[in-house]
Amino acid sequence: MFRLSSCALALVLCVTASSAQDALPAPRPKAAPTPTGPAPKADKMPLSGLAPAVPMPNACTYSYPVGTTNPQCQAFVDQALGMYYSYVWIEAVRGFETALKHDPECAYAWLMLSRSLEKWGRTGTAPSVLPYVAALGGPAHVKLPDRVGRNAAEYALEKAKQLAPKATHRERLLVQARLQEKGMWPDTPADARNKKAAATLDELLTLHDDDQEGWFWRAQLAEGVNGKAPFYKALLRVNPNNPGANHELVHFYENIRRPALGWPYAEGYIRSSPGIPHALHMQAHLAMRIGKWGPTTDWSSRAVELQKDYHALQKVTPGEDHQFNHHMETLTRSLVHDGRFYEAERLKKEAEGYKYSYRPEWFRMALAEGDWDGATKLVEQFRKGNKADGAYYAALLYLEKGETERAGAEVDALKQAPSGGMLKKSDKRAELRQWEVQGRHLCQSGQGEAGLKLLKKAVDATKNDYGHHAWGNGSVLMEAWGVGALEAGDAVQAEEAFLEALAHDSGSVRGALGMWAVCDRLGRATEAERFLALAQRLWSRADPDDFLRLKNVLASKATRLSTMAAGRE
């Protein structure tokens, strides 16, 4: 039989211990040094297979003193922590393993390398014992390398365990809590692991109430919907610019449907991590729900630029950066919403170069620009993927062009599921699409009462749906209802619809211009002037020709309103 030992094999790690063996490490100065260069060897590192990290001194303001006397180890630990708290798992892994090339005995770097490898999802396979059996010619009582039988994350955690006795008291408790959580500590039955770990972190915070890592990891063990938030808020009293707490609170308030309450934390996250793209992106999760379109578009644009700089610096491909596609898509939505089509077209070319596709946003941009050829090409691409998608977008195109008969044919096609049967009632998205285009078609074809009934039905089904309102989608159906009311000549419903659009998205230019068209047609000049000024402000960075086109389209549709509906001024 083979006996696995806890000894570390230097050949496996390719590192050499450089710190004292028995004394505790000296505390690090308050001001963390900037990494002056990557680890000594530029070849791939053994556990992650990544090249060593390149310094990113302005990425994040966060610093957590760890038990090391090596300033480069400390600097790369700080860099990696900033990346971890922004979910940039590949850079967290890279940073912690680079730190260990400078000081292989830094227990906290090993602990966080283990956590980061797990998040990255590339823990590797555990080296087999079989080659040793073959080399020895059969079973024998020998000491095997620590790496045998453990994947990379497990090995890193075992190293943290081995080095904990030489670490600072804070680090020892942080390591112990993680080992308890994993069931790798004495007297930790499966049903008490989290409870034991939480008690250890409570001890840490009782003795060191300024320990930022302690507060963060204690939050992870809290129970209940609101359990984590008090720990994050306590952490922010220690450091208002802690990246982990601010980031998590943005998600927390988004998830509990109180996005406005999360905005201060979105701003705090940006302050904490001004050079990390995800920090500038995250505010969009809230901003699109609460109408802060100006800031979100500019910050999302900055996030994408930072991300491209990061790719060049660390030699990372877009495919290796799991956040990049989402960040590009979010920026596309913002630019199209704000009428910044020139920038959106430029971004579209970049996205296509990466083989990314944001067809719904590109289609809406083509409609707004009156680019019928571009919209038609996109419709054909939709048809290739899904006949129902093709019919829906084709109907929108023909409705926008005023080709009512052709729109009707697409509406009929949409009523049929891809299999040829009727749509299932459980398919809410398909049902909403059907109501939207069928309602618009009825309004255009002289059956306004029936069409407006369907459009309002779609609005009523979604106006209180928090999920539907994500990513700037809150006013889309209300805008469709308002346009349908103009086409049906119903001033009362047009006004209600456009005001609802502005209530659900204060950045709705169609809501503002729709109200201008209604008020202008009905002789309510003062109100019309006010709504026009609002629309001009919302699309202040749009091409004036695009703004004028949208204004003229809505004004033309408003001619169907009877001036007999004129009332208040």
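Leaving aside its neighbours within four places in sequence, Leu-367 is in contact (heavy atoms within 4.5 Å) with Trp-372, Ala-375, Leu-396, Leu-397, Glu-400 and Arg-549. The model is a predicted one, in which local features need pLDDT of at least 70 and side-chain atom pairs count only at pLDDT 80 or more, whereas totals for chains, interfaces and linings use all residues. Residues are numbered from 1 along each chain as its sequence is written, and side-chain values use heavy atoms, with hydrogens and water left out. Leu-367 belongs to helix H17, helices (H or I, at least four residues) and strands (E, at least two) being DSSP runs numbered from the N terminus. With a relative accessibility of 9%, Leu-367 counts as buried, a class that covers residues under 20% relative accessible area, with exposed meaning over 50% and partly exposed in between (1.4 Å probe, protein chains only). The C-alpha atoms of Leu-367 and Leu-397 are 7.0 Å apart, although 30 residues separate the two in sequence.

The protein chain contains 27 helices and 2 strands, and 54% of its 569 residues count as buried. Among contacts in the protein chain with a separation of 6 or more, 62% are between residues 24 or more positions apart.

Helix H15 (324-337) has 14 residues, which at 1.5 Å a residue should span 20 Å, in agreement with the 20 Å between its end C-alpha atoms; the expected span is 1.5 Å times one less than the number of residues. Because 11 of the 14 residues of H15 are buried, this helix is largely enclosed by the rest of the structure. The buried residues, including Phe-324, Met-328, Arg-333 and His-337, pack against H13, H14, helix H16 (341-353) and H17. After H15 comes Gly-339, with a positive phi near 75°.

Beyond four places in sequence, the contacts of Tyr-108 are Tyr-64, Val-66, Leu-81, Glu-171, Leu-174, Glu-213 and Trp-217.

Grid points are joined across faces, edges and corners, and a volume is the space filled by probe spheres set on the points. The largest pocket holds about 1200 Å³ and is lined by 44 residues, with Arg-364, Tyr-392, Glu-436, Asn-473 and Val-476 nearest its centre. Among the elements that give two or more residues to this lining are H15, H17 (359-369) and helix H19 (387-401). The structure also holds 2 cavities of 30 Å³ or more, and the second largest cavity contains about 60 Å³. Its lining includes Met-56, Glu-91, His-278 and Tyr-310, and helices H13 (277-290) and H14 (293-314) each supply at least two of the lining residues.

How values were computed: 1 Å grid on protein atoms, 1.4 Å probe; cavity = no way out; pocket = protein on both sides within 12 Å on 5 of 7 lines; lining within 4 Å.
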